[in-house]
Amino acid sequence: MHVQVAVAKVGKYATRESGDTFEMVERPHGGLSLVLADGQRSGRGAKVISNLVARKTVSLLAEGTRDGVAARAAHDYLFAARGGQVRADLQILSLDLESRTIVISRNTDCGALVIEGGVTRWLDRESKPIGIYRNTRPAIDELPLSPGLGVTIFSDGVRTAGQRTAATFDVAAVVEAVLHAPAGTPPTAQRLADHLLATAVKADGGFPQDDISVVALLVSPEPLADQVRRLNVVFPLP
């Protein structure tokens, strides 16, 4: 088996800077943690908040702090720093090689979409954003690592896509279209992330009405020919 991770993100139309921040960190006992933070509103102010939250979370995870504890600490930090006046959505998606599980921690209105056996299902237990309510805790789910398992998390720009144009946007249907593509085009994490983002932008009439970020993780059953870890980044310049 091997794990694929892909991210696709775009800022709100006519806004110079995205309010979403994505970070990735290696876990000290093996594996990776993917952190997606969405600051309140959009633009520079939102970016400052999401950066603050993401940096705090990543620093704790890199020290071996458990995901749920890291999420609660990030909440306490934001609550103290901004007096409970600013919110942020925080999601942590971890490949934990110590427990051989995928751990999903959510402080957001957005559900996480799980792929198992080519079928999708939602993890959508109620969870509140961090920074506002004193005793906020994340909703945490843990899934055994297995071939074909996949998880997609995203910022609320995906959840609200199409509201302005009254376009129909079904996240699960978009993901399943990639899973069941014609033979010769096997699903990959990058295809999942790219297709979901592109469809969300299309639902907004080609002009994203909010910052949109998609993170996809897919466990492929095929072994790699070597043991090399690879990371590829495409970053547009203004």
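Analyst: The charged end of lysine 56 sits over the ring of tyrosine 77, at 4.8 Å from its centre; this term requires NZ of Lys or CZ of Arg within 6 Å of the ring centre and within 35 degrees of the ring normal. The model is predicted, so local features need pLDDT of at least 70 and side-chain atom pairs count only at pLDDT 80 or more, while totals for chains, interfaces and linings use all residues. Residues are numbered from 1 along each chain as its sequence is written, and side-chain values use heavy atoms, with hydrogens and water left out.

A search of the whole structure finds two aromatic pairs. Rings of Phe, Tyr and Trp (its six-membered ring) pair if their centres lie within 6.5 Å; planes under 30 degrees apart are stacked, over 60 edge-to-face, and the rest tilted.

Tyrosine 13 and phenylalanine 207 form an edge-to-face pair, 4.6 Å centre to centre with 70° between the planes. Tyrosine 13 lies in the loop between strand 1 (2-10) and strand 2 (20-26), and phenylalanine 207 in the loop between helix 5 (189-203) and strand 10 (212-220), so the pair ties together parts 194 residues apart in sequence. Helices (H or I, at least four residues) and strands (E, at least two) are DSSP runs, numbered from the N terminus.

Tryptophan 122 and phenylalanine 154 are also edge-to-face, at 6.2 Å and 85°. Because tryptophan 122 lies in strand 7 and phenylalanine 154 in strand 9, this pair ties together parts 32 residues apart in sequence. Phenylalanine 154 is buried, with a relative accessible area of 2%, whereas tryptophan 122 is partly exposed at 35% (buried is under 20%, exposed over 50%, partly exposed in between, with a 1.4 Å probe and protein chains only).
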